[in-house]
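Work through the exercises below with the sequence and the 3D view open. Try each task before you read its solution.

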Amino acid sequence: MTSATTESVAPPAPASLRRRNRGDPLYRGVVTALALALPLLLLVLVAELAVNARPAMRRFGWGFLTSSTWDPVAEVYGAAPMIFGTLVSSLLALVIAVPLALGVAIFLTEFAPRWTRKPVAFLVELLAAVPSVVYGLWGIFVLIPFLRTYAVPPLKAALGWTPLFQGVFYGNSMLAGGIILAIMIVPYIAAVSREVILAVPASQREAALGLGATRWEAVWSAVLPYGRPGIIGAVMLGLGRALGETMAVTMVIGNRHDIGLSVLQPGYTMAAAIANEFSEATTDLYLSALFEVGLILFVITVAVNALARLLVWRVARGAAIGSKAL
Amino acid sequence: MAPVDATLLLATDRLTALFHRHAAVKEVSLLFPSNTVTAIIGPSGCGKSTLLRCLNRMHELSDGAWVTGKVLLEGVDIYGGEVDAVQVRRRVGMVFQRPTPFPTMSIFDNVAAGLRVDGRLPTSQVATAVERALQQAALWDEVKDRLHTSAVALSGGQQQRLCIARAVAPQPDVLLLDEPTASLDPAGTQRIEELCHELKRRYTIVIVTHNMQQAARVSDYTAFLYLGQLIEAGRTRDLFTKPRLEQTEAYLTGRFG
Amino acid sequence: MTVRALRRRAVSALMTGLVAGLCLLAVLPLLFILGDLVAKGASSIDWHFFTRSPAPAGESGGGVANAIAGTGVIVGLAGLIGLPVGIGAGIFLAEYGAGRLGFFVRFVADVMNGTPSIVVGIFAWTFIVKPVGHFSALAGAVALAVLMVPMIARTSEEMVRLVPHSLREAALALGYPRWRTSLRVVVRSALSGIVTGSLVAIARVAGETAPLLFTALGNLNFTTDVSQPMQTLSLQIYVYATGPFDEWHRLAWAAALVLMGLVLVLALFARWVTRERYGAR
């Protein structure tokens, strides 16, 4: 048969138009593999923590969370004081940091003269750039002496009758830890709140101003309520930071396995316990107990962070708000 | 319709372009004779840009975009299974509405960008090709002394001619212009229109425009699209002076669109 | 004007003053810290400080040459490991991250960003120190790399996303394959942003201490051998600040000033890189 080429039969594609592009699948493969490194790392990290924490979990069960005994000699471990100390120091930090951070965010978005906004925002960002260990150094040699001389005596005079301010103040204490943490998390809360407030539609503000509200009233009654979930998210991101912060806290909190109500007394946090004791842990069970502490810390911070992000996303959907600050 | 002849380079055969289930171009069959300028006109949203983007397989880059029917380049269906879209685009160059110089590259490197894709051309030939392309785009005299400065510093009209130079540097067979003067001032527009007359000696040009006067000025053939359908196509002179269909006449006289 | 209106204006003015005051109060510690660093650290910085390793405990004189070199080695190594992975992951998220895998990776990156650095230290210990049997700079670098990767991935993603779609189309229309479009045009255009993000991440991990405590451990002697324990500025500050000697405290302040200066230079350089390209923005 001879093949008479007809109009309906298209000629085969010449070589010049044929597929010869091997680069695309290769490129996609490489960057996908690199991206998969992240979940893989996280998986390995969690698995390692869990596997190594197993012996302590088996031995102490849920009692690990509630027992206050931490006795390496008797090989009895309970993490209640550190969990308590972690939560209290972080909450204390929030109490101090939230008004400051919101002040920064509101001032910079609503009231500050335009030319001051960038420099002030930069200074606040710099607070986040100061290494943790430098905060610790400053806490030991500047903050604690200051507290001892100027801040604690009037505090005790005014509030000494409450259980929160009882006992002798030696320096290293929950209070010192909380203040240092507060200074450290202000930039995170401020940065994210600022972005949240900026993401509030201008119409909200203008509507309030149009009704004759003063600028403050517009902020208070229109902007902040609209951004509330996002601001709560920002605060929780700060909380997540505070919970996991290690060095500065370790250096000023006193590192004592104790549960006390007074913020003037030393305390302990989970991160500090790991930092102090991990390389000294001589027995397998001791090490395993520290792994369990690490696992608890990890689970709490992940939960707080995940919740925080959900809240921030509700205000500024999809935008990668706060990813720069975090 | 244009007569089918041996020099036929580009044609569509019942081409339908879809976004998900919505057809933006419906069963369009068109012939684009070699070394002519064909204008595609129609009201905005009529699918003229989509049609153009099908001719070098740019359409399929959008989300959910696909086509049925054929686009024939020298008789070969560019949507055929063996054909690589990347190779098609090297033979069918394109210039967009807004100038898109690569901001990180110099003027020279912008024009050389398409030449270097394969990395096969020796350096001396690249320089020759860049000069040739810039001359074809009537830009050489304005930039020959600053070839290695940033392309972003050029004016809008210069940038657009740079993009034309970049598109013609690899010597494609076809040049697609998607409203190339939409963001230019009258002087810039005029230069691009003059260029079309020059460039058709070497390339087959398809230009999308919403400006009927422009179509009348630059093109040899015109196709009128409305709601994704080809209403009428023919020699520009004929179409503008004695359109066969009332719909075409209505559009040309500004009664809608 | 009514009394009520006056009162409302007064409240507005008062609250404006209050938020301005809070803002000032928030920035104040930074000024104090920087001031204290200079006041207490600058006088100890001399030639020996940069060229000598620490003197034996209690004696005066030594420097922190070992710690400066160690910081450079460990952070550099962390960058070598972390930058390619982080930038690659960022490119994936920007170019191919529209689907479920992208969403998942993005979520994981955010989770990892919130992971306490001390936990990452434990991870590096189990992963490297325990199997090898001794502390090493390499383990410290791996810990810092793990901290860097999610930060860099997210900033790189954002930077690549900022590149206009039209540029990508222009390259594809020119017959660029997708990978070349991505690398030569899109990533190239985002490069200054990616560099900035990387510098910020490097500055962040350069000050990290917690993940190094039981990985790099610290070392009183000068070494560049990454399989051995190694000192960093941050570790040295920790040891000196919590130690008993005044001489140590003095060196701790000086080392902190140097570390802070390093971090500041990186942060300012990062800003400068961005400013260069986007000028007035």
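**Exercise 1: A strand and its partners**

Task: find how many bridges join β7(B) to strand β8 (residues 204-208) of chain B, and how the two strands run.

Solution. Five bridges join β7(B) to β8(B), and the two run parallel. Strands here are DSSP runs of E with at least two residues, helices are runs of H or I with at least four residues, and both are numbered from the N terminus. Two strands pair if DSSP finds at least two bridges between them.

Before going on, note the ground rules. The model is predicted, so local features need pLDDT of at least 70 and side-chain atom pairs count only at pLDDT 80 or more, while totals for chains, interfaces and linings use all residues. Residues are numbered from 1 along each chain as its sequence is written, chains are lettered from A and ligands numbered from 1 in the order in which they are written, and side-chain values use heavy atoms, with hydrogens and water left out.

Next, pick out a facing pair: L177(B) stands opposite I207(B) in β8(B). Now look at strand β6 (residues 92-95) of chain B. Four bridges join β6(B) to β7(B), again in parallel. Here V92(B) stands opposite V174(B), and V95(B) stands opposite L177(B).

β7(B), helix α7 (residues 186-199) of chain B and β8(B) form a right-handed β-α-β unit. Right-handed means that, with the strands pointing away from the viewer, the path from the first strand over the helix to the second runs clockwise.

**Exercise 2: The whole chain**

Task: describe the makeup and dimensions of chain B.

Solution. Count the elements: chain B has ten helices and ten strands. Then take the box: the C-alpha atoms fill roughly 55 × 45 × 35 Å along the principal axes. Finally, check burial: 57% of the 257 residues in chain B are buried.

**Exercise 3: Where chains meet**

Task: state how many residues of chain A are in contact with chain C, and the area buried between them.

Solution. Contact means heavy atoms within 4.5 Å. By that test, 83 residues of chain A touch 83 residues of chain C. Buried area is the accessible area (1.4 Å probe) that two parts lose on being put together, summed over both. For chains A and C this is about 7300 Å², with 78% from carbon and sulfur atoms. Y27(A), L38(A) and W216(A) supply 10% of the area that chain A buries against chain C, more than any other three residues.

Now turn to chains B and C. The contact takes 22 residues from chain B and 16 residues from chain C. Their buried area is about 1700 Å², and carbon and sulfur atoms give 65% of this.

Notes. Buried means under 20% relative accessible area, exposed over 50%, partly exposed in between (1.4 Å probe, protein chains only).
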